[in-house]
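Trainee: I have just opened this entry and would like to go through it with you. Could we start with the overall layout and then move to the details?

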Amino acid sequence: MTGRRGPFSLDEVYLGDSLELMPGVPSESVDLIVTDPPFAIDFRARKGNYNRAGDRVLNGYCEIDRDDYLAFTTQWMAEAFRILTTSGSVYVFSGWSNLKDILIGLDAAGFTTVNHLIWKYQFGVFTKKKYVTSHYHILFAVRNPKRYTFNKIDHYPEDVWEINREYWKGKVKTPTKLPLQLVQKILRYSSNEGDLVFDPFLGSGTVAVASATLNRRYLGFEIVEDYLRFARARLARITDSPPPV
Ligand SMILES: C[S@@+](CC[C@H](N)C(=O)[O-])C[C@H]1O[C@@H](n2cnc3c(N)ncnc32)[C@H](O)[C@@H]1O
């Protein structure tokens, strides 16, 4: 099955700046956005990647300057609101340092925040004078609080999710990869088979990979060529032999 959204083919990932590409996505054409945007921290992908050998970590990860972060966030979120269907929703990952900008951006774009989820994970970093950061924020927001997709899979779906980070089996690693299980959980709750799932900051491609494994359509943008190549290789491996879901 093929399909298009404006100039973009479905089940495809594109190289480019999301701020430039998103205006090409037609209004009200995307069912769900799941994204882990750049954090505007001095992220040393090669050096600070805890127990991983630096030379095998994909570098070139694109960061945003701290001073530009609110304007950047407000701009992409306004586009996110425009392209979502009226029953669509967005899940935005955020560390605590830029959470304020993410919350302001969601409000400014017109979203209603439904849940503030906490993703709790293991993080074996030694600290001397502070607590070890072992959680991430996930903001679940909708266009229309009266009508949005929510498949109540568990009887009491709680807002704290404990899911471990994945161990990379391959030779090349990316520093910010989300666990597939985590993204699949979001997709099961907030989309249905055949829905279009979009990630404007694709990184290693987890959102597209999770969508393909659950029979959702996907579209993704990534500004760094090495990351896009990496995501395409992951997607090609699924097409060759679908992984167990
Ligand atoms: C936190 S990572 C995403 C990680 C991803 N969820 C995964 O599982 O691998 C953010 C990604 O956004 C990309 N990026 C930064 N600015 C961008 C922009 N303006 N347009 C598109 N991609 C961008 C970065 O290069 C990085 O790969």
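Trainee: What is the order of the strands in the open sheet of eight strands?

Mentor: Please keep in mind that this is a predicted model. The strands of the open sheet follow the order β3-β10-β9-β4-β5-β7-β6-β8, and their pairing is mixed.

Trainee: Which strands stand at the edges?

Mentor: Those are β3 (12–15) and β8 (160–162). Each has a single partner strand, so one side of each lacks a neighbour in the sheet. On average, neighbouring strands of this sheet are turned by 20° against each other, direction ignored.

Trainee: How many helices and strands are there in the protein?

Mentor: The protein has six helices and 10 strands. Of its 245 residues, 34% are buried. Among contacts between residues at least 6 apart in sequence, 71% join residues at least 24 apart.

Trainee: Back to the sheet, then. How many residues of β4 are buried?

Mentor: Six of the six residues in β4 are buried, so the strand is mostly covered.

Trainee: Which strands does β4 run parallel to?

Mentor: β4 runs parallel to β5, with five bridges joining the two, and parallel to β9, with two bridges. As examples, V30 stands opposite L84 in β5, while I33 has F198 in β9 as its bridge partner.

Trainee: And in which sense do β9 and β10 pair?

Mentor: Strand β9 (residues 196–199) and strand β10 (residues 217–222) pair in the parallel sense over four bridges. The bridge partner of V197 in β10 is Y218.

Trainee: Now the helices. Which strands does α5 touch when it packs on the sheet?

Mentor: α5 touches β3, β4, β9 and β10. The direction of α5 makes about 170° with that of β10.

Trainee: How many residues of α5 are buried?

Mentor: Seven of the eight residues in α5 (residues 206–213) are buried. They are T206, V207, A208, V209, A210, S211 and A212. Following α5 is N215, whose phi is positive, near 60°.

Trainee: What about α3; which strands does it lie across?

Mentor: Helix α3 (residues 99–109) lies across β5 (84–94), β6 (112–120) and β7 (135–142), and it runs at about 5° to β7.

Trainee: How does one describe two packed helices in general?

Mentor: One gives the angle between their axes and the distance between the axes.

Trainee: Then at roughly what angle do the axes of α4 and α5 cross?

Mentor: The axes of helix α4 (residues 180–190) and α5 cross at roughly 60° and come within 9 Å. The two helices are therefore oblique to each other. The crossing of α4 past α5 is right-handed.

Trainee: Which residues meet there?

Mentor: From α4 there are L180, V183, Q184 and L187, which meet T206, V207, V209, A210, S211 and T213 of α5. The residues of this contact divide into six nonpolar, four polar and no charged.

Trainee: And at roughly what angle do the axes of α2 and α3 cross?

Mentor: The axes of α2 and α3 cross at roughly 40° and come within 8 Å. These two are therefore oblique to each other as well, and α2 passes α3 in a right-handed crossing.

Trainee: Which residues make that contact?

Mentor: On the α2 side they are Y69, L70, T73, T74, M77, A78, A80 and F81, and on the α3 side D101, I102, I104, G105, L106, A108 and A109. By class, the contact has 11 nonpolar residues, three polar and one charged.

Trainee: Why does D36 count as buried?

Mentor: Because D36 has 22 C-beta neighbours inside 10 Å, and the cut-off for a buried residue is 20 or more. Leaving aside residues up to four places away in sequence, D36 touches F93, T176, L178, F201 and G203. The C-alpha atoms of D36 and Y91 are separated by 8.4 Å, although the two residues are 55 apart along the chain.

Notes
Residues numbered from 1 in each chain as written. Predicted model: local features only at pLDDT ≥ 70, side-chain atom pairs only at ≥ 80, totals over all residues. Buried ≥ 20, exposed ≤ 12 C-beta atoms within 10 Å, placed from the backbone. Contact = placed C-beta atoms within 7 Å. Pairing = 2+ DSSP bridges. Axes fitted to C-alpha atoms, helices over the stretch in contact; angles between N-to-C directions. Parallel < 35°, antiparallel > 145°, perpendicular 65-115°, else oblique. Left-handed = near helix turned anticlockwise from the far one by under 90°. Nonpolar A, V, L, I, M, F, W, Y, C, P; charged D, E, K, R; others polar.
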